[in-house]
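Colleague: Could you walk me through this one? I'd like to learn how to read its features step by step.

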Amino acid sequence: MSAITSPARQASSGMHARTINRIVIYGLLALFAIFYLMPLFVMLVTSFKTMDEIQNGNMLSLPHAPTFAPWVKAWSEVCSGLTCVGMKGYFWNSIKMVVPAVLISTLLGALNGYVLTKWRFRGHTLVFAMMLFACFIPFQSVLLPMATILGSLGRFGVTLQNATGFNFGLGNSTVNLVFVHVVYGLGFTTLFFRNYYEAFPTELIKAAQVDGASFFQIFRRIMLPNSLPIIVVTVIYQFTNIWNDFLFASAYAGSGDVMPMTVALNNVVNTSTGVVEYNVNMAAAMIAALPTLIVYVVAGRYFVRGLMAGAVKG
Amino acid sequence: MAFLEIDGLKKRFGSVEILKGINVELEKGGFLVLVGPSGCGKSTLLNTIAGLEQITEGEIRVDGRAINDLHPSKRDIAMVFQSYALYPNMTVAGNIAFGMEMRGVPAAERQAAIDKVAKILQIGHLLQRKPSQLSGGQRQRVAMGRALVRDPKLFLFDEPLSNLDAKLRVDMRIEIKRLHATTGTTIVYVTHDQIEAMTLATKIAVMRDGEVQQFGTPAEIYNNPTNIFVADFMGSPAMNLIPAKIDGNGSGLSVVLDRESRQPIVLPMPGAPAGLAAFKDKQVIFGVRPEALTDPEGAERNGSEIATADCHIEVVEPAGSDTFAVTNLGGKGVVARLRADARIQPGTSTPLAFNLSKAVFFDPATEKRIL
């Protein structure tokens with residue numbers, strides 16, 4: 001054996017080690033990917049199977065005779081509690097809640113971030129710190145106080161109804177949920193936008209001021225058009241959180257035809273009359289998960305990028 | 001009455017005084033350069049003129065009207081920023097027209113104004129591009145276009161050339177000077193580059209620590225600096241500031257420059273300033289610019305007060321157009337500016353001509369000029 005290792009051999013052993021490293025890394029990544037994708041796969045295949053196939057077949061096998069019947073049933077026939085009209089009504093309830101709540105909280109967060117970075121006032125850091133506090137409050141602790149506030153708003157709505165003939169949406173369950181989600185989303189949306197605008201060149205605002213643009217003109221014409229990455233991040237974050245929320249939904253709109261999707265899905269799965277229709281349950285769950293999946297697929301690219309931008313410049 | 005008048009302007013942030021009583025004025029069509037090291041308050045002063053910073057005391061008048069309480073957009077000014085501050089989401093045309101749009105100028109009129117400015121600055125082919133698709137020099141032009149299109153009473157430039165490379169900076173400097181000459185606008189310009197200040201200005205205000213050290217024409221600032229700071233800051237290479245002693249023997253005064261191992265140089269000063277007599281047998285700072293310290297053949301023939309002395313040359317720097325030689329006088333390295341073809345070797349002694357009519361003296365205690 002030679003005392004000196006030849007350079008060629010060194011190089012080849014280096015290559016060898018690198019290949020093994022690669023195999024280990026990709027192997028682990030693949031393992032975790034399978035681990036996370038497995039439930040989704042099971043849900044998808046099950047939702048296209050007939051009940052016979054589910055009871056007799058393998059959970060992981062592909063459907064022999066794919067059928068859309070469970071999806072149709074989940075959408076328009078399945079029973080949630082005692083009413084059997086499908087998920088479609090609850091799906092629209094969720095949409096009616098999530099769209100305004102996301103838009104309002106994002107817009108207010110952007111406005112807060114704009115003021116906290118470009119129109120600084122005495123004590124702006126204190127205000128920001130207090131808004132950040134909203135991110136750390138456990139939501140369980142606000143359930144009762146918020147119920148009291150919503151109750152008062154509802155009574156005020158009745159008063160308005162008597163006085164003017166119109167209650168301005170006060171007391172409506174969907175409006176209540178929008179209000180709650182806007183209030184508790186504001187801490188996060190403000191944090192996102194403040195960190196993004198912190199790195200936004202102040203000279204642009206000065207130039208716009210010299211050009212004669214007002215406070216809101218600068219916001220609308222200069223800030224917002226240059227905030228796409230952080231808007232995408234905020235919208236995804238808020239959309240996912242609000243759509244998936246179960247706690248507030250069950251507490252403030254937990255019964256009847258005002259239920260959002262999450263509460264309705266829970267009721268569907270818990271309704272026990274005869275055989276549990278796994279395929280219908282899976283289809284209903286897929287319907288509930290679909291909007292967030294779509295949002296991620298469409299805008300996920302920006303999500304990672306924007307989150308990073310916010311993170312480094314904090 | 002001057003066109004732009006800044007009168008006793010003070011600016012405080014809490015207890016810190018950033019601007020300590022600025023008095024400056026500029027005639028219509030003039031070019032005022034605010035120059036000084038970073039942190040001297042020159043950008044703050046410009047921002048107060050623009051209205052982007054509030055002032056604590058004093059008054060700013062443009063064309064006889066006090067503007068210090070007006071909103072920036074009401075002051076009839078335009079500003080070019082260091083980073084150009086072009087709106088990234090708008091095209092070049094949109095950027096130029098944004099101010100007019102905010103003031104509700106009709107679209108046809110806006111288009112005519114854009115075309116006119118684009119022609120002056122030769123950016124017609126760039127109008128539909130976004131700022132991210134432009135080079136540094138093109139962005140600079142667009143930023144100037146955005147200011148020009150306003151046709152304001154006053155232009156403010158905040159270090160507009162400091163983000164450009166050296167060659168482009170010289171080109172744009174000439175362009176700005178040409179623009180000033182052809183349009184006859186009144187300009188206030190901030191820079192830390194003393195060459196920009198000298199070449200562009202009709203008036204210079206040299207600032208330090210929130211105070212104007214000297215205010216005057218470029219020639220006044222260069223030839224008659226009021227104190228050591230101005231003398232040292234303006235000019236490249238900087239003025240030689242040599243510790244010296246004043247000697248008086250009978251009729252006149254002379255300057256004695258120490259040299260480490262050799263006899264001191266004694267330069268007779270028949271045309272010494274009157275104040276110098278009080279410094280007889282005392283230490284002063286003797287200021288002489290490199291071009292007033294040269295080889296005898298290159299010295300001004302008709303200069304009235306040329307004195308020649310042998311100097312030991314330590315370093316020679318040929319710069320193409322000139323040759324700089326470094327010698328040691330009064331314990332300091334002193335730069336002489338010689339003709340490019342001067343035959344000179346480091347480590348030898350060579351006669352250097354002092355043009356004493358260009359020399360200035362400073363009091364080492366107060367750092368003020370001795371007149």
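Modeller: Strand β9 (residues 203–208) of chain B runs antiparallel to strand β10 (residues 211–216) of chain B, over five bridges. Pairing here takes at least two bridges found by DSSP between two strands. Helices (H or I, at least four residues) and strands (E, at least two) are DSSP runs, numbered from the N terminus. Keep in mind that this is a predicted model, where local features need pLDDT of at least 70, side-chain atom pairs count only at pLDDT 80 or more, and totals for chains, interfaces and linings use all residues. Residues are numbered from 1 along each chain as its sequence is written, while chains are lettered from A and ligands numbered from 1 in the order in which they are written.

Colleague: Which residue of β10(B) stands opposite Ala205(B)? And how many residues sit between β9(B) and β10(B) in the hairpin?

Modeller: In a regular strand, side chains alternate between the two faces of the sheet. Here, Ala205(B) faces Phe215(B) of β10(B). Two residues separate the strands of the hairpin, and Asp209(B) in the turn has a positive phi of about 50 degrees.

Colleague: How confident is the predictor in chain B?

Modeller: Look at pLDDT, the predictor's confidence in each residue, from 0 to 100. Chain B averages 90, and 98% of the residues score at least 70. For the model, ipTM is 0.81 and pTM is 0.81.

Colleague: Why is Glu57(B) called partly exposed?

Modeller: Count neighbours: a residue with 20 or more other C-beta atoms within 10 Å of its own is buried, one with 12 or fewer is exposed, and anything in between is partly exposed, with C-beta atoms placed from the backbone. Glu57(B) is partly exposed because 14 other C-beta atoms lie within 10 Å. Glu57(B) belongs to strand β4 (residues 57–62) of chain B. Leaving out residues up to four places away in sequence, Glu57(B) touches Gly8(B) and Lys10(B); contact means C-beta atoms, placed from the backbone, within 7 Å.

Colleague: Is α2(B) mostly covered or mostly open?

Modeller: Mostly covered, with eight of its 11 residues buried. Among them are Val92(B), Ile96(B), Phe98(B) and Met100(B). The buried residues of α2(B) pack against α3 (107–121) and α4 (136–148) of chain B. Just past α2(B), Gly104(B) has a positive phi of about 75 degrees.

Colleague: What about the interface between the chains?

Modeller: Interface size is often given as the accessible area lost when the parts come together. Here we can count residues instead: 17 of chain B contact 14 of chain A. On the chain B side, β6 (77–80) and α2 (92–102) each give two or more residues. That side has 12 nonpolar, four polar and one charged. Ala, Val, Leu, Ile, Met, Phe, Trp, Tyr, Cys and Pro count as nonpolar, Asp, Glu, Lys and Arg as charged, and the others, Gly among them, as polar.

Colleague: And which domains does chain B have?

Modeller: Domain bounds come from an automatic or database assignment. For chain B, that assignment gives domain 1 (4–233) and domain 2 (240–362). Their C-alpha centres lie 39 Å apart, and five residues of domain 1 of chain B contact five of domain 2 of chain B.

Terms used:
Contact = placed C-beta atoms within 7 Å.
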